Amino acid sequence: MVAFANAIEPTPENPMGALAKLKYLFLTDNQVGDEGIKAFASAIASGALGSCQVINLRSNNIGEAGMQAFSDAIRSGALGLCTTIYLGENKIGDVGMQALATAVSSGALPAFKKIVVPDGLENHPALVAACKPRGIEIV
């Protein structure tokens, strides 16, 4: 994932990044882990996926530290067109959900409509408080 993240980051030769027009990114079952998602989050924050509408990170062994990094990238505003994020079957707990809720509350995802979280976290109080007023579906 680190190599992938490095490959998609904007460069002087390609200031929009290699995947600037990508709308759907499915990385399901790749065992990205926290270190991989941290690198991915850095690429996102640099604007590498500015046109992406759907990001599927289901079943990637993402934990608290990875979710915090991903949430920081969300708060950067670099995913303004994103409507859906899939995070099910990861190892995200309360700390990660708090970070995600903070990112959603920041308004950095203006087009956001749906978030899929690990089983049992659909009613996480902070996430519900961030999503419900905006009509964001939590699955």
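Entry 1. I am working from a predicted model. I began with Asp-29, which is partly exposed because its relative accessible area is 45%, between the 20% and 50% cut-offs. I then looked for its partner. The side chain of Asp-29 meets that of Arg-58 in a salt bridge, 3.6 Å from N to O. Arg-58 sits in the loop between β2 (54-56) and α3, and Asp-29 in the loop between β1 (24-26) and α2, so I noted a link between distant parts of the chain, 29 residues apart.

Entry 2. What else does Arg-58 pair with? I found Glu-89, with the closest N and O atoms 3.2 Å apart. This pair is 31 residues apart, and Glu-89 lies in the loop between β3 and α4. Glu-89 counts as exposed at 53%, while Arg-58 is partly exposed at 28%. I logged Asp-29, Arg-58 and Glu-89 as a network of salt bridges.

Entry 3. I moved to helix α3, residues 64-75. Its twelve residues should span 16 Å at 1.5 Å a residue, and the end C-alpha atoms are 16 Å apart, which agrees. Residues three or four places apart point the same way, because an α-helix has 3.6 residues a turn.

Entry 4. Which residues of α3 are buried? I listed Gly-66, Met-67, Ala-69, Phe-70, Ser-71, Ala-73 and Ile-74. Their cover includes α2 (33-45), β3 (84-86) and α4 (94-105). After α3 comes Gly-77, with a positive phi near 85°.

Note on methods: Residues numbered from 1 in each chain as written. Predicted model: local features only at pLDDT ≥ 70, side-chain atom pairs only at ≥ 80, totals over all residues. Heavy atoms only, no water. Helix = DSSP H or I, 4+ residues; strand = E, 2+ residues; numbered from the N terminus. Expected span 1.5 Å × (residues − 1). Buried < 20%, exposed > 50% of the residue type's maximum accessible area, 1.4 Å probe, protein only. Contact = heavy atoms within 4.5 Å. Salt bridge = Lys/Arg side-chain N within 4 Å of Asp/Glu carboxyl O.
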